[in-house]
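User: I'd like a quick walk through a model. Can you take my questions as they come?

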Amino acid sequence: MVTITILGSGKVAHHLILNILESDQLKLQQIYARNTNSVLDVVPDSMVVNDIKKLQPADIFIIAVSDLAIEEVSKAIQIPNQFVVHTSGTLPMSAINLQRRGVMYMLQSFSKDKEVDFSSIPFCIEANNWDDFQLLEKFAIGFSERVYKISSEQRKAIHLAAVFVNNFSNHLFTLGEDICKEYQVPFEILKPLILETANKIMHLSPLDAQTGPASRGDQNTIQQHLDMLTDSTKKEIYQLITQSIQNR
């Protein structure tokens, strides 16, 4: 049985803890959290520590904290020869200042109140020696059907692409909701279109799936849309994305 210690209590840590507790092949050994109250509702208080010096050795330590805190947390680990991985999408493996280190980046958007199906989440993993990589791969395969050996440079590129397809697209949903509210129409009316757009690229490349006034060169509609936009930032975003579509 693989023993796991989680360092962190945020959204990623929360979902890892819940899924490890459900596994027959994994044992959640300890949780290090500065705010112990955030995890005491799912595990016994004897399992949680707020002093990193009280951590005991485990097969894998998973640091699931903010990028800014990863190096500080890893430096505080005083257990000799401990295998430690972080979950950042952007930081290199070298952010962990220990001999045995790795990365396990789960390519998904996590929210504490929404259950996540780990089996469909891509796990991007790397380690600085083969034995540790195999151990990390065994752990990841226990969760997901999609486990990839990904270098730090490749992971940064994946994270950049993810910002475009997830964070930026979600912000566009927010702007669309603003327009709906301004003109007193329900945002729910757009949800089937949002789902169809996402489903379409399961079968087509995004370039081939592109539709709309920009892709067909409909300048009359484009100008009408610009005239309706009362916010200068929304207007600038509309013009920039329209130009980008037309350039392709």
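The chat below covers the fold, the sheet, the aromatic pairs and a few single residues.

User: What should I know before reading the values?
Analyst: This is a predicted model, where local features need pLDDT of at least 70, side-chain atom pairs count only at pLDDT 80 or more, and totals for chains, interfaces and linings use all residues. Residues are numbered from 1 along each chain as its sequence is written, and side-chain values use heavy atoms, with hydrogens and water left out.

User: OK. How many helices and strands does the protein chain have?
Analyst: Eight helices and eight strands. Both are DSSP runs numbered from the N terminus: helices are H or I with at least four residues, strands are E with at least two.

User: What box do the C-alpha atoms fill?
Analyst: Roughly 70 × 35 × 30 Å, taken along the principal axes.

User: And what share of the protein chain is buried?
Analyst: Buried residues make up 40% of the 248 residues. Buried means under 20% relative accessible area, exposed over 50%, and partly exposed in between, with a 1.4 Å probe and protein chains only.

User: Which order do the strands take in the sheet?
Analyst: The order is β3-β2-β1-β4-β5-β6-β7-β8, in an open sheet of eight strands with mixed pairing. The edge strands are β3 (48–49) and β8 (147–149), each pairing on one side only. Two strands pair if DSSP finds at least two bridges between them.

User: Which strands does β4 pair with, and how do they run?
Analyst: β1 (residues 2–7) is joined to β4 by four bridges, and the two run parallel. I6 stands opposite I62 there. Strand β5 (residues 84–86) is joined to β4 by three bridges, also parallel. In that pairing, I63 has H86 as its bridge partner.

User: Where do the β4 side chains point?
Analyst: I60 and I62 point one way, F61 and I63 the other. All four are buried.

User: What do β4 and β5 make with the helix α2?
Analyst: A right-handed β-α-β unit, with α2 spanning residues 67–76. Right-handed means that, with the strands pointing away from the viewer, the path from the first strand over the helix to the second runs clockwise.

User: How many bridges join β1 to β2?
Analyst: Six, with β2 covering residues 26–32 and running parallel to β1. V2 stands opposite L26 in β2.

User: Which strands does α4 lie across?
Analyst: Helix α4 (residues 152–182) lies across β5, β6 (101–106), β7 (123–127) and β8. The helix runs at about 20° to β6. Axes are lines fitted to C-alpha atoms, for helices over the stretch in contact (heavy atoms within 4.5 Å). Angles run from 0 to 180 degrees between N-to-C directions.

User: Switching to rings. How many aromatic pairs are there?
Analyst: Six. The rings of F123 and F143 have centres 6.2 Å apart and planes at 15°, so that pair is stacked. Rings of Phe, Tyr and Trp (its six-membered ring) pair if their centres lie within 6.5 Å; planes under 30 degrees apart count as stacked, over 60 as edge-to-face and the rest as tilted.

User: Where do F123 and F143 sit?
Analyst: F123 is in strand β7 and F143 in the loop between α3 (130–141) and β8. F123 is buried at 0% relative accessible area. F143 also counts as buried, at 10%.

User: What about W130 and F133?
Analyst: They are stacked too, 5.5 Å centre to centre with 15° between the planes. Both are in helix α3, and because they are three residues apart, about one helical turn separates them. F133 is buried, at 6%.

User: Which residue has its charged end over the ring of F133?
Analyst: K149, 5.4 Å from the ring centre. A charge sits over a ring if NZ of Lys or CZ of Arg is within 6 Å of the ring centre and within 35 degrees of the ring normal.

User: Last topic, backbone. What is phi at N81?
Analyst: Near 60°, a positive value in a residue other than glycine. Most residues other than glycine have a negative phi. N81 lies in the loop between α2 and β5, and is exposed at 54%.

User: And Q184?
Analyst: Q184 has a positive phi of about 55° and is not a glycine. Q184 is in the loop between α4 and α5 (191–200). At 75% relative accessible area, Q184 is exposed.
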